[in-house]
Amino acid sequence: MLLRTGVFLCWILICVKGKDISKKTYFLLSCQHMAFVDELKFHGKAGKGGDGVVRWRREKFVPKGGPAGGDGGRGGDVYIEAARDNQLLSSYRHVTEFSAMDADPGGSMSLHGKDGDDKIIKLPVGSIVTNLDTGEEYSLLEEGQKIKILSGGYGGKGNERFKSSINVAPEECTPGKPGEEADFHVELRLIADIGLVGLPNAGKSSLLNSLTRARAKIGDYAFTTLDPNLGDYFGYIIADIPGLIEGASDGKGLGTKFLRHISRTKALVHLVSFENELSRAGGMMHAYEEIRGELEKFGQGLAEKDEIILLSKTDVLPDDVRDAIIEKKLKEFKKLGKPVFVVTLFDDASVKAFSDELIRSIQKDSQ
Ligand SMILES: Nc1nc2c(ncn2[C@@H]2O[C@H](COP(=O)(O)OP(=O)(O)OP(=O)(O)O)[C@@H](O)[C@H]2O)c(=O)[nH]1
Ligand SMILES: [Mg+2]
């Protein structure tokens, strides 16, 4: 057993060191890390109304008491409520149904049956809930926001309700109505102000960690980030998503599944590492265009968002040509008409200059 585990770990290490993450390795790595769930299906069921009942008033010295059957209670409703916890969907991984409580039937002495308790399903802020039967869609955008998605059934009427001048002893009552039910789909789209995009290894998670107090995992191999990471940047949320590669929209690498988490951001920061200039045919511009192509293919307005281009890891350039290459690349990228910055995480001043611009551009947008 020990030997088998050892061989398995070695295999992962070899793949990772060789920066060659095959689909199988990725699957295994992601199996060890399945915490983040951003989609869910469930069946929702509101409570049934309580039945109305037939009862008679039986009091001492009142030989013929009238009808006294109470109405049934109202079935519980089903609500969704937004909470600030992105892991909530993971905790429902094995849940297939959420139901509110049925109500109690009416009682004697005209007692109204107890209403069924509501069911409140807490979902992360950013969830979009679709009723698959009616197509209705609900968006949870703010913490505490609560929306009723299914109504409980009305209670039936007790026989007292049917009393009239011509029928003083009605034998009639009605059953409680069933609660509404439907199938639902929940999709989480994280709500962030800024999204970091780029090829794997561009330094996205490292940047998130240096700008915020996030502790995203960093590694010198592709696809270190398997789930989105969020960081709080002076009250604005930055989202770091897994790296994209060419063909992501056709499911290559980790695919574009995570792009929806930045579909609600105000702006994107697109990281392009200087390593591409040294190792990749076509250099940095080709790397940049590869990601732009994937953003365009994905749609949802991603390609039209404001974009800050961040040329990262200037320190990997050889000392003697560094300045010349930086100047050349800055010129090339500035032609795109977007803000361009160069950084290395080894130089605080470069990070600060970028960080100042970032805050300016978010504040400008929110004015
Ligand atoms: N030399 C140098 N290395 C850096 C810099 N920033 C990040 N790195 C390194 O680059 C590697 C990749 O960094 P990550 O932050 O994990 O990259 P990522 O873009 O999040 O990668 P994925 O999650 O795989 O998409 C790590 O070994 C970092 O230590 C930098 O400015 N200079
Ligand atoms: Mg990362």
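User: What stands opposite Gly-44 in E8?

Analyst: Ala-182 in E8 stands opposite Gly-44. This is a predicted model, in which local features need pLDDT of at least 70, side-chain atom pairs count only at pLDDT 80 or more, and totals for chains, interfaces and linings use all residues. Residues are numbered from 1 along each chain as its sequence is written, and chains are lettered from A and ligands numbered from 1 in the order in which they are written.

User: Why are E1 and strand E8 called paired?

Analyst: Two strands pair if DSSP finds at least two bridges between them. E1 and strand E8 (residues 181-188) have seven bridges, in the antiparallel sense, so they pair under that definition. Strands themselves are DSSP runs of E with at least two residues, helices are runs of H or I with at least four, and both are numbered from the N terminus.

User: What makes strand E10 and strand E14 edge strands?

Analyst: They belong to an open sheet of six strands, in the order E10-E11-E9-E12-E13-E14, with mixed pairing. Strand E10 (229-233) and strand E14 (340-342) each have a single partner strand, so one side of each is left without a neighbour in the sheet. Inside this sheet, strand E9 (residues 194-198) and strand E11 (residues 236-240) pair in the parallel sense over three bridges. Leu-196 has Asp-240 in E11 as its bridge partner.

User: What is the make-up of the shell around ligand 1 by class?

Analyst: A residue is near a molecule if its C-beta atom, placed from the backbone, lies within 6 Å of it. For ligand 1, 24 residues surround it, the closest being Gly-203, Ser-205, Asp-220, Thr-225 and Gly-243. By class, the shell has nine nonpolar, 11 polar and four charged residues; Ala, Val, Leu, Ile, Met, Phe, Trp, Tyr, Cys and Pro count as nonpolar, Asp, Glu, Lys and Arg as charged, and the others, Gly among them, as polar. Helix H4 (residues 204-211) gives the most to this shell, with three residues.
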